[in-house]
Amino acid sequence: MRLVILGGPGAGKSTQAQRLCDRLQIPLISMGATLREAIATQTPLGQECQSYVEKGELVPDRILIAFIRDRLLQPDISSGWLLEGYPRTAFQAEELDFLLDELNQRLTQAIFLKVSPSIMMERRLQMSEIDDRPELIQRRIDLFQSRTLPILDYYGRRQRLLTVDGDRDPEQVFADLNSQLQPRY
């Protein structure tokens, strides 16, 4: 299976992504972890994106898709993968599809963890991370709603969108994901 997982801040993407990868025995490709590792080890792409990250700016799409390309050429992805943290916009989703076509791969499903803004806020505040002040969390939620939600139309038109109610307990969400993905094995 080749999957992407989508959702706002505090939607439970990382939790559900790791559980799915363990269950499906496929690698998790976390864009955030990939960028951090590339910067720490000073790979050529890591050096290229470091200045953007240090300034708090978005890493350009051309660099992100280069990271994805490099990762999808690794031998451990032959049985599938789950991508978390990318794509974040409809443009990135389209670029990913172009890349997958070029690599003779096809996205199986885009999973959207639908979580209400109030639950996202509550969860992020409970995580009590240093940069999680209510105004910053609200800004990330607003950005998610304006930039990322159009992805749902993109994947919906391609009949690859699986929407799951993420407002519930993580165990319930995972059980729902398992039952909805099961027929596609």
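Helices are DSSP runs of H or I with at least four residues, numbered from the N terminus. Axes are lines fitted to C-alpha atoms, for helices over the stretch in contact, and angles run from 0 to 180 degrees between N-to-C directions.

Before you click: this is a predicted model, in which local features need pLDDT of at least 70, side-chain atom pairs count only at pLDDT 80 or more, and totals for chains, interfaces and linings use all residues. Residues are numbered from 1 along each chain as its sequence is written, and side-chain values use heavy atoms, leaving out hydrogens and water.

**Stop one: helix 3 and helix 4.** Select 44-54 and 61-72. Their axes lie 11 Å apart, at an angle of about 145°. Now show the residues in contact (heavy atoms within 4.5 Å): helix 3 brings Leu 45, Gly 46, Glu 48, Cys 49 and Tyr 52, and helix 4 brings Arg 62, Ile 63, Ala 66, Phe 67 and Asp 70.

**Stop two: Val 59.** Go to the loop between these two helices to find Val 59. Is Val 59 buried or exposed? Its relative accessible area is 11%, so Val 59 is buried (under 20%, with a 1.4 Å probe and protein chains only; exposed is over 50%, partly exposed in between). Leaving aside residues up to four places away in sequence, Val 59 touches Leu 35, Cys 49, Tyr 52, Val 53 and Leu 64.

**Stop three: the annotated set.** An unreviewed UniProt entry has a "binding site" annotation covering residues including Arg 36, Val 59 and Arg 140; such annotations may be inferred rather than shown by experiment. Finish on Arg 140 in helix 7 (residues 134-148), which is partly exposed at 28% relative accessibility.
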